Protein chains: 2
Amino acid sequence: MKSSLDSLPDALRGLIGQGVEAIDTPALVVDLDVTMRNMQRMAEFAAKHRVRLRPHAKMHKSAAFAKLQLQAGATGLCTQTVAEAEALVAAGVNDVFISNEVLSVPKLRRVAALAHQLKQRGGQLAIAVDSELGLDRLAQAMQLTRASIDVFVEVDIGQGRCGVAPGEPAVALVRQLTQRSSSLRYAGLHAYHGGAQHLRTPQARRRTIVQAAALLDDTRRQLAAADLAPPLITGAGTGTFAIEAASGLWGELQPGSYLFMDADYLANERDTAQPQFEPALFVKSQIVSVGADRAVCDAGHKSHAIDSGLPQVLPLPGQPRLAFANGGDEHGILRPLDTDDGVLSALPALGETVWLIPGHCDPTVNLHDHLIVVRGGLIGGQVETVVPVARGTW
Amino acid sequence: MKSSLDSLPDALRGLIGQGVEAIDTPALVVDLDVTMRNMQRMAEFAAKHRVRLRPHAKMHKSAAFAKLQLQAGATGLCTQTVAEAEALVAAGVNDVFISNEVLSVPKLRRVAALAHQLKQRGGQLAIAVDSELGLDRLAQAMQLTRASIDVFVEVDIGQGRCGVAPGEPAVALVRQLTQRSSSLRYAGLHAYHGGAQHLRTPQARRRTIVQAAALLDDTRRQLAAADLAPPLITGAGTGTFAIEAASGLWGELQPGSYLFMDADYLANERDTAQPQFEPALFVKSQIVSVGADRAVCDAGHKSHAIDSGLPQVLPLPGQPRLAFANGGDEHGILRPLDTDDGVLSALPALGETVWLIPGHCDPTVNLHDHLIVVRGGLIGGQVETVVPVARGTW
């Protein structure tokens with residue numbers, strides 16, 4: 001795995017080749033062996049089901065991991081922000097879809113510049129739009145270049161966030177798109193149901209996506225009847241992609257979290273139509289205080305995102321299982337999970353390492369400037385490389 | 001307000017002197033006029049009550065704001081991480097207390113180097129310790145320098161996180177400290193009750209701090225009886241500092257959030273013994289999608305922390321009040337708060353600016369690389385400067 005080490009702080013560059021025990025805490029650590037297995041399983045699924053795979057880089061925000069995914073057969077990458085797209089393009093990724101609405105005029109100028117840059121080297125930029133004003137502003141920004149941009153009209157298939165309503169409103173917006181500027185190319189529909197991804201049972205996820213697919217199929221038929229059949233429908237996430245793949249509607253899948261996984265996805269009851277993914281992303285933490293009934297580690301809300309729940313403590317062989325309780329921004333409070341154990345004997349000692357599986361991988365990665373990538377396991381392994389994160393929201 | 005602009009990205013440097021409307025979204029914006037009022041009110045309170053004020057820099061993670069606080073009379077700054085302390089010292093702050101336990105040997109080497117650096121220029125570093133192992137490792141690291149470090153023994157006065165138990169265990173640890181290396185100077189006790197800060201009524205906060213003070217006073221008496229009277233007791237936060245100040249026990253206050261405030265602190269019923277603080281920290285966001293019953297803005301979990309609740313939408317004169325609902329990592333979903341209004345007419349339009357008051361200031365600041373500091377108000381004001389955030393947890 002390649003990544004430029006030029007901009008790394010000395011302390012991080014010095015870690016490369018050292019044992020995992022040399023990583024100071026709190027730090028975000030990626031198990032590359034597990035990551036490669038997850039990547040391979042997803043790539044095999046897409047190949048077997050003859051759908052394109054466009055993994056979502058909003059999760060890892062990392063050109064180094066994007067390139068691994070391309071090597072494993074991905075068509076291109078999705079991003080959610082312009083800054084993520086810029087980071088990927090700067091590192092040589094040639095096919096990027098910004099799967100989000102951009103209304104900011106300064107950002108749309110950056111989008112146009114990026115489209116121009118990609119065009120010059122034979123690549124292609126795409127973006128999602130769900131409004132006429134979005135089309136207007138994008139077309140205006142594209143006038144500054146001689147490049148074109150692929151536009152996917154986002155359709156709201158039940159999530160209730162972005163996206164034009166399915167059916168007639170979607171047809172009307174696609175018609176607007178095709179009649180607008182020649183620099184905007186109608187590439188198809190973007191249809192993602194985020195709310196379905198973490199429904200706990202495969203049955204509930206299937207029910208939701210089947211409903212979403214019915215709305216989408218109706219829209220597709222109306223578009224076809226208007227001679228506006230979508231060239232491609234893109235969407236799906238780590239929780240549901242097997243259902244979208246089987247529907248015959250989606251031609252491209254956008255899962256992101258499968259690569260690293262997190263406690264929230266691991267809490268889903270698995271759909272056996274999907275491959276099994278394993279946790280590859282960990283916060284390395286250590287015990288900084290021990291009280292009568294608790295041990296306190298040095299990882300809190302500033303080390304891991306808690307929007308999808310608190311982290312889980314990775315059970316290590318021969319050690320008692322621990323529950324993580326909220327200790328604020330810089331601390332986590334650990335207590336034995338199995339209360340029939342003697343409390344004191346079950347607590348980890350001062351200075352001891354604990355490994356946390358974050359509740360939600362995407363915003364956890366966004367909290368860190370670097371991912372420390374290890375091979376050979378969390379115990380006994382060594383640091384393979386350190387890669388920067390294209391943090392932030394600009 | 002001074003801050004080095006050398007390391008700023010061009011897009012941010014170019015903002016300085018421009019109107020607030022030129023700030024792209026999502027961005028974290030500080031209203032400097034409000035900040036200065038908050039700062040002045042806190043400084044006046046400390047002066048009037050003859051307690052030292054050592055504001056907590058874990059909130060703003062910014063040398064520029066630390067220096068303003070020092071100019072307004074603060075004794076020094078608290079930090080929660082070694083990296084925050086390094087950022088302040090590098091910018092010229094001479095009196096820093098790391099109010100947290102550090103067990104990591106590499107970090108303790110950095111602590112020792114920082115103590116040495118400060119000593120050479122007549123400053124002083126302090127740190128909290130709550131264990132014998134903490135004392136051992138700190139003393140060992142300090143052997144590398146000829147400097148000394150002030151040590152505050154942290155006492156758990158009811159929060160149940162870090163801190164040695166009050167009474168005899170605290171006395172034993174202080175005794176250990178005074179008999180250890182001559183490089184560790186017994187500076188007093190660190191006693192902070194984080195859990196009391198957001199109890200909603202002044203009565204509940206007062207009850208909790210009065211109980212905490214009783215434990216602390218008992219410990220102080222036992223220490224005095226052992227000829228180990230604490231030179232100083234430091235602690236308190238934005239929710240309770242008037243109670244600690246009135247107790248006669250605490251000689252130094254550590255509030256942080258008062259400077260910027262947040263929705264969680266604003267939800268506290270005010271203790272009239274405290275000055276009134278106003279919100280000074282905002283996420284500037286804009287509407288990127290509008291549906292039949294909602295408008296969607298471009299600020300989600302990656303723009304603001306939600307550990308203390310979702311942000312509030314700043315009500316603007318003549319506009320309908322909006323409720324913020326979770327839209328995931330990059331989006332917020334806005335709906336009218338007053339449902340007797342017609343829904344459609346009350347929604348903001350595509351591209352319109354909305355200002356959010358984050359739920360919790362500290363981890364929200366930590367999500368951003370820069371604070372954009374404005375004067376003259378959010379509407380009609382201009383960008384005064386842009387300051388870097390010493391992000392992260394190392």
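The model is a predicted one, in which local features need pLDDT of at least 70 and side-chain atom pairs count only at pLDDT 80 or more, whereas totals for chains, interfaces and linings use all residues. Residues are numbered from 1 along each chain as its sequence is written, and chains are lettered from A and ligands numbered from 1 in the order in which they are written.

**Interface between the chains**

In the interface, 45 residues of chain B are in contact with 45 residues of chain A, contact being defined as C-beta atoms, placed from the backbone, that lie within 7 Å. Helix 5 (105-120), strand 10 (281-290) and helix 12 (361-365) of chain B each supply at least two residues of the side that touches chain A. Here helices (H or I, at least four residues) and strands (E, at least two) are DSSP runs, numbered from the N terminus. Strand 10 of chain B gives the most to this side, with three residues. By class, the side of chain B that touches chain A has 13 nonpolar, 19 polar and 13 charged residues. Ala, Val, Leu, Ile, Met, Phe, Trp, Tyr, Cys and Pro count as nonpolar, Asp, Glu, Lys and Arg as charged, and the others, Gly among them, as polar. Since 100% of the interface residues of chain B are also interface residues in chain A, the copies meet through the same surface.

**The sheet of chain B**

Chain B holds an open sheet of eight strands in the order 2-9-8-7-6-5-4-3, with parallel pairing; two strands pair if DSSP finds at least two bridges between them. Strand 2 (52-53) and strand 3 (77-79) of chain B stand at the edges with a single partner strand each, so one side of each is left without a neighbour in the sheet. Within the sheet, strand 6 (residues 149-154) and strand 7 (residues 184-190) of chain B run parallel and are joined by six bridges. F152(B) stands opposite G188(B) in strand 7 of chain B. Helix 7 (residues 168-179) of chain B lies across strand 6 and strand 7, running at about 165° to strand 6 of chain B.

**A helix pair in chain A**

Helix 7 (residues 168-179) and helix 8 (residues 202-225) of chain A pack at an angle of about 45°, with their axes 9 Å apart. Axes are lines fitted to C-alpha atoms, for helices over the stretch in contact, and angles run from 0 to 180 degrees between N-to-C directions. The two helices of chain A are therefore oblique to each other. The contact is made by E168(A), A170(A), V171(A) and V174(A) of helix 7 and T219(A), Q222(A) and L223(A) of helix 8. These residues divide into four nonpolar, two polar and one charged.

**Backbone features**

| Peptide bond | Geometry |
|---|---|
| T25(A) to P26(A) | cis, omega near -10° |
| T25(B) to P26(B) | cis, omega near -10° |

P26(A) lies in the loop between helix 1 (10-13) and strand 1 (27-31) of chain A. A236(A), although not a glycine, has a positive phi of about 85°.

Technical notes. Parallel < 35°, antiparallel > 145°, perpendicular 65-115°, else oblique. Contact = placed C-beta atoms within 7 Å.
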